Amino acid sequence: MCGIVGYFGEEDAIKHVMEGLRRLEYRGYDSAGISYHDAKQKDLLVFKETGRLDNLARLLPPDESRVAIGHTRWATHGRVTKANAHPHVSHDGRFIVVHNGIIENHKALAGTYLEDVPRRSATDTEIIADLLGSFVGDGDVLTALRRVLGLLEGSYALLVMDREHPGTIYAAKRKSPLLVGRKGRETIIASDMTALCAVAAEYTALTDGSIVTIDEEGLSLHDHEGELVRPEFVPVDKAYAETDKGVFDHYMLKEIHEQPAVLRRIIDQYCEDEESRIPKDVAAMFQGIERLHILAAGTSMHAGLVGKVLFEKLARIPTEVHIASEFAHHPPLLAEGSLFLLISQSGETADLRSSLEIIKERGFPSLILTNVKTSTLAREADAYLEIFAGPEIAVASTKAYTAQIAVLAVLAHAVGEGGISLRKEVALAAQAIENHLQDRHIYADLVDRHLKKPQAFYIGRGLDHAVAREAALKLKEISYIHTEGFAAGELKHGTIALIEDQVPVIAIVTEEKTAAHTRSAIAEVESRGADVVVIAMAHVAEEGDHIIIDTINPLLTPLVSVIPAQLIAYHAALARGKDIDKPRNLAKSVTVE
Ligand code: F6R
C-alpha cells in the first residue's frame, strides 16, 4: 500500500527520503513522487513518475536539500498515471501534500467547497491540498489544516509542505499509521518502521487527530484537542533496519528459511520449560468465555483456521473463524461471553480495523496477534501478543503464517489443560522444517514436470484442508497460476468437472484418520487424467509419493506441511520469471477496505 516518508535535518533530505521510499517498496506501489526545498531556486520542487522508484530517481537533478517529503502510491482512486501520483499541489500552487488512506467524502467536499476549482487528478488526495489552498486566506496554516481535517471522512496519514514556509513540514493522521523518529537534530517521519529506522534512534507513534510541525525551531506536537503536548519517544527496534536478503535471491526464500529460527524464538519467548509465559492479563481474558471468534484476512485467516482446531482441541473452547471484510459489514449474532482474537501480521489491515470498531461498540474484549507491536491494531485492541517473526518483507507471507500458528498453539495450550509438551513439539516441528529445507533442490524439477497448466488444485482434509487453502493462495499470488484449495471430499461435488488431462492436483496427507479417504479422492482425480503430486507425512506416506515430510505432533502438522507449498509457489514463480517479492496488484499491508 502507499508509503510516506519525510525528512528534516542536517543531511541530504532527498537521499534520506528516496532511501526511505526504497525501504517501503516491499509494501507494493505503482508510482512515486517527491517534493523538496531547493535553496538555490528558493522554491519547493515536485517530481513524480509512474512505475518503479528508479524511474523517479532518473528525473531528479543532482540537488541536495534539508527538507523533503515523498510518497509511493498504490492506486485506489484513479489509474496509475503521473497526474494521480503524489505529491499533489493545491490549485493555487501553494500547498504540496502526500497522503495515505482514503478520503471517503472527497466528492461531496469538492461539490461544496471547490465548485469552481477544476480537478487535475482522479484522486481523493488532491482535495486536501485544494481545501488548504482555499481556506488559508491570510490566516495561519495550522488553523486552515485543522479546518480541513475536521471535514475529512475516512482515513489519512499526510505530510504537507507550504511554499510560503518552505522549511516546514506539517504531519497529521487519522486511522492510517504515522511515526515520527529522530536522532540529534534530524527528524524523519514515515508510515512504517522499516523506513524510519535507518535514520532514527527513537520514535513516537502519532495518535489519531494529532498534528506535528517540524521546522528550524524543532518539533511541536498538538493532540486531537489542539493542546501542545510533549511527545514520548521510545527506542527504535533495530531489527527493522536489517532488511537485506543475505545469501538468498529473494526475501521470500530468505523468510522461508527463517521459519525454524522463528519457531524457536517463539518457544523461548512464551514457554519456560513446561510453564507458559503468556502474560497473565492475556490468559485471564480466556477465563469463563463461551466462544472465541477469530478474525483475520488472507494468510492470517488461514492461520486462524488452524487456530480454531487448536483452541477446540487444546482448550475446549468453541471457536469460529471470520473473514474480517465480511464481519465488518455483516457481523453474525454475537452472544455474551464472546472473546475476539484478531490475527494480523502488519497490524494495519483496514478490514480488521473496521471489525474492531464493531467489537468495541458492542463492548466485547479483543486481543490481537501481530508481528508489529507498534502497529495501529496493537494499540487499538485491548491487548496484543507479538508473534516474533521479525520483519517480513516479501509480499507473500510465509514465516508470519507459521509464527501465527505457533503462537496460537502456545496460547491455546496455556489457556487449556495442557497435556502435551508444547516446547518439545514445536521444537520438533522446527527441526522437521530444517530437515525438509535440505531437500529444496527437488523443487525446480518438480515444478517443471508437474505445473505446466495455468490452473491447479490443492486438496486435503482437516488441518490439511486448512493448509490446502493457504497453499493455493501462495501459488496463485506469486505465480499467477489459478489455484484453489479444496476439502478433498468436496471435490467430487462439482469441482471435479474441471479436472482434465494434466491438470495438477496437489494432495496434502498428514492425518492418519483420513489418509485412506484422501487417497480415494486422489484416485478419483487421477482416473480423470489429473497430474497428482502427493505431499505426505512420513507415517502415512506410500511408495511413489513425491514429497515426504517428517512426522510431528498431529495438531501442529501445518507448521511443516505448508513448507513444500511455499517452495512450490516460489519455484513456480521463479520458473515463470515473475516478480516474486512484489507480485502484481498486491500490497504488503492492506490499509484500505
Ligand atoms: C498473502 C498475504 C495476505 C495477508 C492479508 C492480511 O501472502 O500476505 O493475504 O495475509 O492481507 O494481512 P495482515 O496479516 O497484515 O492483516
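Colleague: How far is an oxygen atom of the ligand from an N or O atom in the side chain of Glu477?

Modeller: That distance is 2.6 Å. Keep in mind that this is a predicted model.

Colleague: And how far is a polar side-chain atom of Lys474 from an oxygen atom of the ligand?

Modeller: The Lys474 distance is 2.8 Å. There is a backbone case too: a polar backbone atom of Gln345 is 2.7 Å from an oxygen atom of the ligand.

Colleague: How much of the ligand's accessible area does the protein cover?

Modeller: The protein covers 89%. On its own, the ligand has 410 Å² of accessible area.

Colleague: Which pocket does the ligand sit in?

Modeller: The ligand sits in the largest pocket.

Colleague: Which elements give two or more residues to the shell around the ligand?

Modeller: Two helices do that: H10 (298-314) and H17 (463-479).

Colleague: Which residues around the ligand come nearest?

Modeller: There are 15 residues around the ligand. Ser300, Ser344, Ser346, Thr349 and Glu477 come nearest.

Colleague: How do the shell residues divide into nonpolar, polar and charged?

Modeller: Five are nonpolar, eight are polar and two are charged.

Colleague: Now the domains. Why does the ligand lie between domain 2 and domain 3?

Modeller: Because both domains give residues to the shell around the ligand. Domain 2 spans 248-437 and domain 3 spans 439-585.

Colleague: New topic, the backbone. Is the peptide bond from His86 to Pro87 cis or trans?

Modeller: The bond is cis, and its omega is near 0 degrees.

Colleague: Where is Pro87 found?

Modeller: Pro87 is in a loop, between strand S4 (67-73) and strand S5 (88-89).

Colleague: One more. Is phi of Lys42 positive or negative?

Modeller: Phi of Lys42 is positive, near 50 degrees, and this residue is not a glycine.

Colleague: Where does Lys42 lie?

Modeller: Lys42 is in the loop that runs between strand S2 (31-38) and strand S3 (43-50).

Methods:
Residues numbered from 1 in each chain as written. Predicted model: local features only at pLDDT ≥ 70, side-chain atom pairs only at ≥ 80, totals over all residues. Heavy atoms only, no water. Near = heavy atom within 4 Å. Polar contact = N/O pair within 3.5 Å; in protein donor to acceptor, adjacent residues only side chain to side chain. Areas by Shrake-Rupley, 256 points an atom, 1.4 Å probe, with all protein chains shown as cover. 1 Å grid on protein atoms, 1.4 Å probe; cavity = no way out; pocket = protein on both sides within 12 Å on 5 of 7 lines; lining within 4 Å. Sits in = over half its atoms within 2 Å of the grid points. Helix = DSSP H or I, 4+ residues; strand = E, 2+ residues; numbered from the N terminus. Nonpolar A, V, L, I, M, F, W, Y, C, P; charged D, E, K, R; others polar. Domains from an automatic or database assignment.
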